[in-house]
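Hi,

Here is the structure I promised to pass on.

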Amino acid sequence: MKIKIAITTLILMLIFSSCKEEKKTVVRNDYSVTIEGVFLKNDKIQVFYLLNGGEWNDKNSVSQPVYASNEMQKIVLHFPEKIVPENVRVDLGFNPTQSNVTIKNISIRHKSKVINGDLEKYTKYFYPNEFVTWDPNYFGYKLSVVNDKYDPFLMGNDEMIVELAKISDDVNF
């Protein structure tokens with residue numbers, strides 16, 4: 001009797017242990033932009049993607065709220081599936097009282113390929129518009145109102161376009 005119970009228990013243990021789910025690594029097939037920075041006031045980050053000679057518009061963008069913090073924050077925004085950007089623009093906020101931001105990283109990823117902008121390497125891929133100036137005293141960007149308008153952003157340059165083309169070579173949708 002004890003042998004039957006032992007064999008039954010052993011069989012049940014084998015059955016249940018073989019039913020464990022295997023963890024699968026999911027590789028996303030979209031593009032993502034990672035921004036690491038310090039935002040001292042509540043705001044919203046918006047990242048635009050330019051498609052096939054199109055124009056910059058809200059329809060071709062993703063956004064996310066940013067909450068005030070003195071600490072470095074990591075913000076990851078994902079483009080919709082099947083979007084292959086030709087260029088990228090990072091809007092640094094909508095809050096005109098946000099006078100300074102510190103940016104450490106703007107990187108773009110597609111599957112395993114990365115345009116690495118960490119440790120301020122992003123500065124070779126982006127240029128600021130007239131609302132964004134480098135402030136050596138703050139060691140970050142000063143965001144300004146110009147002619148009663150506020151629209152601070154970093155625009156992808158020609159080098160960004162070349163790098164996006166490289167990481168987009170194997171896109172199959």
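Predicted model: local features only at pLDDT ≥ 70, side-chain atom pairs only at ≥ 80, totals over all residues.

**Overall layout**

The protein has two helices and 11 strands. Of its 173 residues, 40% count as buried. If you take the contacts between residues at least 6 apart in sequence, 70% of them join residues at least 24 apart.

**The core**

The largest nonpolar core contains 32 residues. Those with the most contacts inside it are Ile35, Val47, Phe79, Ile103, Ile106, Ile108 and Phe126. Quite a few elements give two or more residues to this core: strands E1 (31–39), E2 (43–50), E3 (61–66), E4 (73–78), E5 (87–91), E6 (100–110) and E10 (140–143), along with helix H2 (158–167).

Leaving out neighbours within four places in sequence, isoleucine 106 is in contact with Val33, Thr34, Ile35, Val90, Ile115, Gly117, Tyr122, Phe126 and Leu154. Two of the names in that list, Ile35 and Phe126, are also among the core residues with the most contacts.

**The five-stranded sheet**

Next, there is an open sheet of five strands in the order E3-E2-E5-E11-E8, with antiparallel pairing. Which strands stand at its edges? They are E3 and E8 (126–128); each has a single partner strand, so one side of each is left without a neighbour in the sheet. On average, and ignoring direction, neighbouring strands here are turned by 20° against each other.

E11 is joined to E8 by three bridges, with the two strands running antiparallel, and phenylalanine 126 has glycine 156 of E11 as its bridge partner. Helix H2 packs on the sheet as well, where H2 touches E5, E8 and E11. The direction of H2 makes about 120° with that of E5.

E11 also pairs with E5, again in the antiparallel sense and over three bridges. In that pairing, arginine 89 has methionine 155 of E11 as its bridge partner. Both faces of E11 are covered: Phe153 and Met155 are buried on one side, and Leu154 and Gly156 are buried on the other.

**Asparagine 87**

Asparagine 87 lies in strand E5. Is it buried or exposed? Asparagine 87 has 6% relative accessibility, so it counts as buried. A polar atom of the asparagine 87 side chain lies 3.0 Å from the backbone oxygen of glycine 156. Beyond residues up to four places away in sequence, asparagine 87 touches Phe48, Tyr49, Leu50, Trp56, Met155, Gly156, Asn157, Met160, Ile161 and Leu164.

**Aromatic pairs**

Searching the whole structure turns up three aromatic pairs. One of them is formed by tyrosine 49 and phenylalanine 79, with 4.7 Å centre to centre and 45° between the planes, which makes the pair tilted. This pair links distant parts of the chain, with tyrosine 49 in strand E2 and phenylalanine 79 in the loop between E4 and E5, 30 residues apart. Tyrosine 49 and phenylalanine 79 are both buried.

Another pair, tryptophan 134 with tyrosine 141, is edge-to-face, at 5.4 Å centre to centre and 85° between the planes. Tryptophan 134 is partly exposed, with a relative accessible area of 41%, whereas tyrosine 141 is buried at 8%. Trp134, Phe139 and Tyr141 form one aromatic cluster.

**Two loop residues with positive phi**

Finally, a couple of backbone details. Lysine 82 has a positive phi of about 70° although it is not a glycine. Lysine 82 lies in the loop between E4 and E5 and is exposed, with a relative accessible area of 59%.

Aspartate 148 is not a glycine either, and has a positive phi of about 60°. You will find aspartate 148 in the loop between E10 and E11, where its 78% relative accessibility counts as exposed.

Cheers

Methods. Residues numbered from 1 in each chain as written. Heavy atoms only, no water. Core = buried A, V, L, I, M, F, W, Y, C linked by side-chain atoms within 4.5 Å. Buried < 20%, exposed > 50% of the residue type's maximum accessible area, 1.4 Å probe, protein only. Helix = DSSP H or I, 4+ residues; strand = E, 2+ residues; numbered from the N terminus. Contact = heavy atoms within 4.5 Å. Pairing = 2+ DSSP bridges. Axes fitted to C-alpha atoms, helices over the stretch in contact; angles between N-to-C directions. Polar contact = N/O pair within 3.5 Å; in protein donor to acceptor, adjacent residues only side chain to side chain. Phe/Tyr/Trp six-rings, centres within 6.5 Å; stacked < 30°, edge-to-face > 60°.
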